[in-house]
Amino acid sequence: MKYLTLLLICFSTYNSSAQEDYQVDIKVKGNVKYKYAYFYTWTDSSMQKQTLYDDQAVFKGSYLPVTDDDSYQPALIILSNDEILEKDLLKNRSSNRRDFLLEHTVGIVYDSDNKYFSVKGGLLNEVQNVFRDNEWEFSLKQDSLIKIVDGNYADLQLREKERKKVRRTIFLEEKDSTLNLIRRNIGSKVSLQNFVIYAMVPFRPVAELRDVFNSFPNEVKTSKKGHFVDSLLNVQENMSKVGLDIGGLMPVFSLRNSKEMEVKSTDLFSKYTLIDFWASWCAPCRAETPNLLSAFGKFHVKGFNIVAISIDQEKDKAKWLAAIQKDNADVWHNLFNPGGTDKIAKELGINAIPANYLIDKNGIIIARNLRGNQLEKLLEKLLP
């Protein structure tokens with residue numbers, strides 16, 4: 001399952017400027033053995049590696065219990081029999097990984113037969129384990145359903161199609177379940193941490209998410225992280241009006257491009273242009289990039305163009321630029337609409353991303369929110 005971004009806040013009087021020591025003990029039990037234990041901390045964005053002896057390893061160091069942005073320190077353990085480069089560590093999505101929160105003393109036991117991590121620490125991990133165990137249970141359910149799909153479908157394409165349906169269903173079920181856990185643990189700032197992703201990506205209607213946020217105690221809502229979550233919800237609410245429908249006219253707009261030049265939208269339009277709204281932190285947006293690259297490669301010479309508009313925050317401009325390069329998305333026009341709370345994103349009422357509009361040379365909208373291969377199929381008819 002996808003893991004949530006760790007931006008934890010919890011009731012505490014820690015001074016974020018004072019470093020403290022930690023010790024993380026790792027033990028592996030079961031028939032599957034591992035050679036290495038990799039340990040990553042966001043305190044200094046560094047990786048440690050140890051060879052397991054007697055199926056055990058110990059990591060020690062110093063950390064900031066509470067950072068300047070009011071977050072608790074996340075850490076990550078990955079068990080492997082292979083060498084992993086530091087640049088590839090965070091890309092690793094194997095089952096033998098577990099993120100947790102740094103505390104003075106943390107004990108982690110991995111049952112390799114059942115692929116289950118047990119994390120024992122203080123109050124932080126006690127609460128966080130409720131959410132992590134919930135994810136683990138849904139991952140088991142997904143694995144079970146995918147095995148059934150594999151047994152029922154011999155055709156590879158049909159099998160992968162059904163696998164995607166399973167993953168999508170389980171993903172949404174897990175998100176609903178996590179939101180219920182947040183409601184049950186509404187007094188904890190750990191729950192606010194797990195709520196951040198909902199404020200970033202509206203898995204549920206924004207009115208429902210606002211009700212959940214308003215249920216947190218005042219000391220949670222008024223913390224730094226609480227103000228951050230509140231601002232994200234404000235973005236959703238400001239963008240919640242109904243956007244233009246098919247047949248409507250795309251408003252003319254001007255935005256900065258990646259080279260800080262102000263660009264007018266009508267100067268970028270082609271026979272057909274996709275106006276695509278996204279952000280560097282939006283995983284579903286970036287998962288669509290390969291589909292856009294494929295469509296652009298096939299139809300650009302025939303008159304198809306893409307104008308990608310980022311709603312990243314102004315402070316995250318560097319992340320936006322890095323995402324463009326990493327995803328090879330610099331082949332089309334990239335514009336910046338910081339926060340999405342004004343200008344074209346607000347005018348169109350973009351209340352969820354990814355969101356896109358396909359327009360003709362006159363700016364008339366002919367399709368909305370094309371996903372997967374829908375764009376290519378439509379362009380095959382429009383630009384044969």
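**View 1. Lining of the largest cavity.** Strand 11 (272-278) and helix 9 (289-299) each supply at least two residues of the lining of the largest cavity in this predicted model, where local features need pLDDT of at least 70, side-chain atom pairs count only at pLDDT 80 or more, and totals for linings use all residues. Residues are numbered from 1 along each chain as its sequence is written, and side-chain values use heavy atoms, with hydrogens and water left out. Helices (H or I, at least four residues) and strands (E, at least two) are DSSP runs numbered from the N terminus. A cavity is a set of points on a 1 Å grid over the protein atoms alone where a 1.4 Å probe fits but cannot get out, and lining residues have an atom within 4 Å of a point. The space in the largest cavity is about 70 Å³, and its lining includes Asp276, Trp278, Cys285 and Leu292.

**View 2. The second largest cavity.** About 40 Å³ of space lies here, lined by Asp276, Cys285, Glu288, Leu292, Pro354, Asn356, Leu370 and Arg371.

**View 3. Packing of helix 3 against helix 5.** Helix 3 (residues 156-184) and helix 5 (residues 206-214) pack at an angle of about 30°, with their axes 10 Å apart, the axes being lines fitted to C-alpha atoms over the stretch in contact and the angles running from 0 to 180 degrees between N-to-C directions. Helix 3 is therefore roughly parallel to helix 5, a term for angles under 35 degrees. Leu179, Ile182 and Arg183 in helix 3 meet Glu208, Leu209 and Val212 in helix 5, contact meaning heavy atoms within 4.5 Å.

Definitions and conventions. Parallel < 35°, antiparallel > 145°, perpendicular 65-115°, else oblique. 1 Å grid on protein atoms, 1.4 Å probe; cavity = no way out; pocket = protein on both sides within 12 Å on 5 of 7 lines; lining within 4 Å. Points joined across faces, edges and corners; volume = space filled by probe spheres on them.
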